[in-house]
Amino acid sequence: MPPRPLFVANWKMNGLHADGLARASALAGHAAGGDCGGDIVVCPPATLLFALRAVFAGSQIELGGQDCHATPEGAHTGDVSAPMLADAGCAYVIVGHSERRAGHGEADETVAGKAAAAHAAGLATIVCVGESAVDRDDGRALAVIGRQVERSLPDGSTTDNTAIAYEPVWAIGTGRTPAQADIEAAHAEVRAGWERRFSGSGAALRVLYGGSVTARNAGEIMAAPGVDGVLVGGASLSADAFWQICQACR
Ligand code: PEP
């Protein structure tokens, strides 16, 4: 049986208290109408976590962080630790997003350290991998994806505490998406990388697609073999659009 789909909203650095609450309340209202058939995670800015915990209490919507530090506490100005996210009500955390890999110089080993800290705090990780436009043009997309999977996952990763998001960097926020066949090939490589790393079956691993997912293209993307959910940036800033995306597994 394929894994239960996972729909992740990544609000990034968007949302002040009032509009974050309004968006979350609208989404909770949609979710109150019934199970969409998948798990739903909202990753707001850290400033909104405690407020949104109250909004999502008793709903099927889980909270996630957008990043965490590799250590549980200490002198790391501006960072948020995995135990802090858990304390704020998170069940998940994104690690290795390309905006962190590029904008904060995070290497695969850094990502693995963060994921290990998240698992130690009881959080499930959404580990992001994906090739750049240059990687794809030069024909090494699958090699890059496979290498990132093998190096970005810590020992102790399981299909219960880990999902992997395939996010081609050139598709994030650009309105461009890969061909269905390229998504299928990338997801197969993610699963193969998991199997090489953990010598076990990747059938239960949730592999998400991310990059310019909208309410219009979500159904087609979810229909690609090996796609177990989506990670959504821009379109998740509309509760209506994100809820329509969550219906895509029906
Ligand atoms: C993302 O931030 O992970 C993302 C996929 O963004 P967008 O949906 O806007 O492309």
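Predicted model: local features only at pLDDT ≥ 70, side-chain atom pairs only at ≥ 80, totals over all residues.

Residues are numbered from 1 along each chain as its sequence is written, and side-chain values use heavy atoms, leaving out hydrogens and water.

**The barrel**

- Eight strands form a closed barrel with parallel pairing, in the order E1-E2-E3-E4-E5-E6-E7-E8.
- On average, neighbouring strands of this sheet are turned by 25 degrees against each other, direction ignored.
- For angles, axes are lines fitted to C-alpha atoms (for helices, over the stretch in contact), and values run from 0 to 180 degrees between N-to-C directions.
- E1 and E2 run parallel and are joined by five bridges, with Asn10 standing opposite Cys43 in E2.
- How many of the residues of E1 are buried? Five of its five are, where buried means under 20% relative accessible area, exposed means over 50% and partly exposed is in between (1.4 Å probe, protein chains only).
- Both faces of E1 are covered, with Leu6, Val8 and Asn10 on one side and Phe7 and Ala9 on the other.

**Helices against the sheet**

- Helix H7 (residues 141–152) lies across strand E5 (124–129) and E6, and runs at about 150 degrees to E5.
- Helix H10 (residues 239–246) packs on the sheet, where it touches strand E1 (6–10), strand E2 (39–43) and strand E8 (229–232). The direction of H10 makes about 160 degrees with that of E1.

**Val129 and Arg101**

- Val129 sits in strand E5 and is buried, because its relative accessible area is 3%.
- Leaving out residues up to four places away in sequence, Val129 touches Arg101, Ile145, Gln148, Val149, Ile164, Ala165, Tyr166, Glu167 and Val190. A contact means heavy atoms within 4.5 Å.
- Val129 and Gln148 are 19 residues apart along the chain, with their C-alpha atoms separated by 6.1 Å.
- Arg101 belongs to helix H4 (residues 98–103). Is Arg101 buried or exposed? It counts as buried, because its relative accessibility is 15%.
- Among the residues that Arg101 touches, beyond four places away in sequence, are Val129, Cys128, Gln148 and Ser152.

- Ala24 is found in helix H1 (residues 17–31) and has a relative accessible area of 0%, so it is buried.
- Setting aside neighbours within four places in sequence, Ala24 is in contact with Trp11, Leu52, Val55 and Phe56.
- The C-alpha atoms of Ala24 and Asn161 are separated by 25 Å, and these residues are 137 apart along the chain.
- Glu189 lies in helix H8 (residues 180–198) and is buried, because its relative accessible area is 17%.
- Not counting residues up to four places away in sequence, Glu189 touches Leu142, Ile145, Gly146 and Arg196.

**Two serines with positive phi**

- Ser199, in the loop between H8 and E7, has a phi near 45 degrees, a positive value in a residue other than glycine. Ser199 counts as exposed, because its relative accessibility is 69%.
- Ser212, in the loop between E7 and helix H9 (218–223), has a positive phi of about 60 degrees although it is not a glycine. With a relative accessible area of 16%, Ser212 is buried.

Methods
Helix = DSSP H or I, 4+ residues; strand = E, 2+ residues; numbered from the N terminus. Pairing = 2+ DSSP bridges.
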